[in-house]
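Biologist: Could you walk me through how to read this model, one feature at a time? I would like the general idea and then the case at hand.

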Amino acid sequence: SGKYTRGNLWAILMDFFHAGTETTSTTMKWAVLYLTIHQEVQDRCREEIKRVVGESRIEVQHSSDLPYTMATLLEIQRISTTGPLSLPHKATKTINYEGMTFPKGSAVVANLAFMMKDPRHFKDPHT
């Protein structure tokens, strides 16, 4: 009908919670582990942050000036499989792909864990 309902609002709020809070806290837990194990990476991130941000508070605007730190966070998310599956999507039309048919309206969930460990795209994907 195109109208928002309480159910729609609840679903959107849950998406925000899961996509934001859970992903952030899980990334931070893995970051503590990996940066403890790989002290040289921690040192390089710290140096980059001090050089770019100094003693002020880090803000989103600094992201583009912190390429090593941002790449480190993305790699932590990739290797730790922070989000193993995508959020569900819906096929907007019938699709045929490699001998399989996905009818219009089918739920589609990407296996991000598999994609992020695919050796065709990542050299040594498990390290």
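Biologist: What radius of gyration does the chain have, and what would a compact globule of 127 residues have?

Modeller: Bear in mind that this is a predicted model. The radius of gyration is taken over C-alpha atoms. A compact globule of 127 residues would come out near 14 Å, whereas this chain has 19 Å. The C-alpha trace spans about 50 × 40 × 25 Å along its principal axes.

Biologist: How many of the residues count as buried, as a percentage?

Modeller: Buried means under 20% relative accessible area. In this chain, 19% of the 127 residues fall in that class. For the surface as a whole, the chain exposes about 10100 Å², and carbon and sulfur atoms supply 62% of that area.

Biologist: Which elements should I look for as I trace the chain?

Modeller: Start at the N terminus and follow the order α-α-α-β-β-β-β-α. That makes four helices and four strands. Among contacts between residues at least 6 apart in sequence, 45% join residues at least 24 apart.

Biologist: Let's go to one residue. Where is S106 found, and is S106 buried or exposed?

Modeller: Look in the loop between β3 (100-102) and β4 (107-108) for S106. Its relative accessible area is 17%, so S106 counts as buried, the cut-off being under 20%.

Biologist: What does S106 touch, leaving out residues up to four places away in sequence?

Modeller: With those set aside, S106 touches H89, K90 and A91.

Biologist: Which side chains make polar contacts with the side chain of R46?

Modeller: The side chain of Q42 is joined to that of R46 by a polar contact of 2.7 Å. The side chain of D43 makes another with R46, at 3.0 Å.

Biologist: Last one: how far apart are the mean positions of the positive and negative charges?

Modeller: Here you average the places of each kind of charge. The chain has 15 positive and 13 negative charges, and their mean positions are 10 Å apart.

Notes:
Residues numbered from 1 in each chain as written. Predicted model: local features only at pLDDT ≥ 70, side-chain atom pairs only at ≥ 80, totals over all residues. Heavy atoms only, no water. Helix = DSSP H or I, 4+ residues; strand = E, 2+ residues; numbered from the N terminus. Rg over C-alpha atoms; globule rule 2.2 N^0.38 Å. Buried < 20%, exposed > 50% of the residue type's maximum accessible area, 1.4 Å probe, protein only. Contact = heavy atoms within 4.5 Å. Areas by Shrake-Rupley, 256 points an atom, 1.4 Å probe, with all protein chains shown as cover. Lys, Arg positive; Asp, Glu negative; His and termini not counted. Charge placed at Lys NZ, Arg CZ, Asp CG, Glu CD. Polar contact = N/O pair within 3.5 Å; in protein donor to acceptor, adjacent residues only side chain to side chain.
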